[in-house]
Amino acid sequence: MQRRSFIKKSGTAGIALSIMPNLVLSQESTYSILELMGKVDIDLFGEGINLREEAHDAFVKMKKAAYMDGIDLKIVSSYRNFYRQEAIFERKYLNYTEEKGMEPLAAIDKIIEYSTIPGTSRHHWGTDIDIIDGYRKTKGDVLVPEKFETGGPFEDFKKWMDENANDYGYYLVYTDSPKRRGFKYEPWHYSYAPISKPMLESFRGKNIVQLLQKEEFLGAEHFTIGFLKNYIQNNILDINRALL
């Protein structure tokens with residue numbers, strides 16, 4: 001299958017926004033849709049950290065505290081712009097549909113077990129991190145839930161984060177609550193709540209369904225209104241209640 005190429009949109013022309021009725025946002029908590037979707041550059045801080053300044057400063061304090069307890073908070077992933085997420089999504093889509101022979105909708109369902117649709121990733125915001133304990137050595141993919149459980153290499157990391165992360169403003173996003181839907185449990189994904197909460201509030205005020213229907217990356221042509229509404233409700237909003 002030949003890889004399609006598209007002109008990246010950098011302006012606001014052609015993007016229709018719809019604010020939800022009776023939603024009142026302060027000036028400080030209002031973010032542009034291009035910023036929320038990772039389509040514009042933002043100021044990032046810290047070599048190998050790449051977070052908004054306040055989130056960066058809080059992470060550095062948390063990292064120093066963890067050091068004192070023998071934990072090395074190592075960032076595996078932080079800020080990703082729209083186009084990086086697009087590349088991840090399309091690579092997985094091609095792998096599932098062309099190499100593994102899955103039907104498009106089945107492939108998309110498989111992708112969104114752990115990966116977000118471009119434009120909806122919390123990693124676009126400069127507030128979220130995937131982290132592990134850099135002191136512990138392990139083979140293969142480090143972002144596997146079993147490695148954070150009892151007997152796993154990141155067991156002590158998980159215990160430390162459970163006890164201390166909230167003190168620095170960081171909260172687990174995709175918990176292991178049996179009633180939670182959407183993305184699967186990610187014991188490595190934390191979000192800096194003082195910024196990400198107002199960003200999510202602002203994001204909820206946009207017509208996300210309409211915006212995603214305008215995108216042209218591989219697989220997007222299979223997004224129905226029903227699918228997108230379920231995705232928003234289950235994957236974007238069914239998260240740790242402390243982040244809503």
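**How many of the 244 residues of the protein chain count as buried?**

## The model at a glance

Of the 244 residues in the protein chain, 50% count as buried, where buried means under 20% relative accessible area, exposed means over 50%, and partly exposed lies in between (1.4 Å probe, protein chains only). Please keep in mind that this is a predicted model, in which local features need pLDDT of at least 70 and side-chain atom pairs count only at pLDDT 80 or more, while totals for chains, interfaces and linings use all residues. Residues are numbered from 1 along each chain as its sequence is written, and side-chain values use heavy atoms, with hydrogens and water left out.

The protein chain has 8 helices and 4 strands. Both kinds of element are DSSP runs numbered from the N terminus: helices are H or I with at least four residues, and strands are E with at least two. Read from the N terminus, the order of elements is α-α-β-α-α-β-α-β-β-α-α-α. Among contacts in the protein chain with a separation of 6 or more, 73% come from residues 24 or more positions apart; contact here means heavy atoms within 4.5 Å.

## The sheet

Let us turn to the strands. An open sheet is formed by 4 strands in the order β1-β2-β4-β3, with antiparallel pairing; two strands pair if DSSP finds at least two bridges between them. At the edges are β1 (73-77) and β3 (170-172), each pairing on one side only. On average, neighbouring strands of this sheet are turned by 45 degrees against each other, direction ignored. Axes are lines fitted to C-alpha atoms, for helices over the stretch in contact, and angles run from 0 to 180 degrees between N-to-C directions.

Going through the pairs, β1 and β2 are joined over 4 bridges in the antiparallel sense, and Lys 74 has Ile 132 as its bridge partner in β2. Antiparallel pairing of β2 with β4 runs over 3 bridges, with His 189 of β4 as the bridge partner of Asp 130. β3 and β4 (residues 189-192) also pair in the antiparallel sense, over 3 bridges. In β4, Tyr 190 is the bridge partner of Leu 172, and Tyr 192 is the bridge partner of Tyr 170.

## What packs on the sheet

Helix α5 (residues 155-164) packs on the sheet and touches β1, β2 (128-133) and β4; its direction makes about 135 degrees with that of β2. Helix α6 (residues 193-204) packs on the sheet as well, touching β2, β3 and β4, and its direction makes about 85 degrees with that of β4.

How many of the 6 residues of β2 are buried? The count is 6 of the 6, so β2 is largely enclosed by the rest of the structure. Asp 128, Asp 130 and Ile 132 point one way from β2, while Ile 129, Ile 131 and Asp 133 point the other way. In β4, His 189 and Ser 191 point one way and Tyr 190 and Tyr 192 the other, and all are buried.

The axes of helix α3 (residues 82-99) and helix α4 (residues 104-111) come within 9 Å and cross at roughly 130 degrees. The two helices are therefore oblique to each other; angles under 35 degrees count as roughly parallel, over 145 as roughly antiparallel, 65 to 115 as roughly perpendicular and the rest as oblique.

From α3, the contact is made by Phe 89, Lys 92, Tyr 93, Tyr 96 and Thr 97, and from α4 by Pro 104, Ala 107, Ile 108, Lys 110 and Ile 111. By class, this contact has 7 nonpolar, 1 polar and 2 charged residues. Ala, Val, Leu, Ile, Met, Phe, Trp, Tyr, Cys and Pro count as nonpolar, Asp, Glu, Lys and Arg as charged, and the others, Gly among them, as polar.

Lys 137 counts as exposed because its relative accessibility is 73%, whereas Lys 147, at 14%, counts as buried. The contacts of Lys 147, not counting residues up to four places away in sequence, include Thr 138, Asp 141, Phe 154 and Glu 155.

Asn 240 sits in the segment after α8 (225-236). At 16% relative accessibility, Asn 240 counts as buried. Leaving aside neighbours within four places in sequence, Asn 240 is in contact with Tyr 171, Leu 172, Val 173 and Thr 175.
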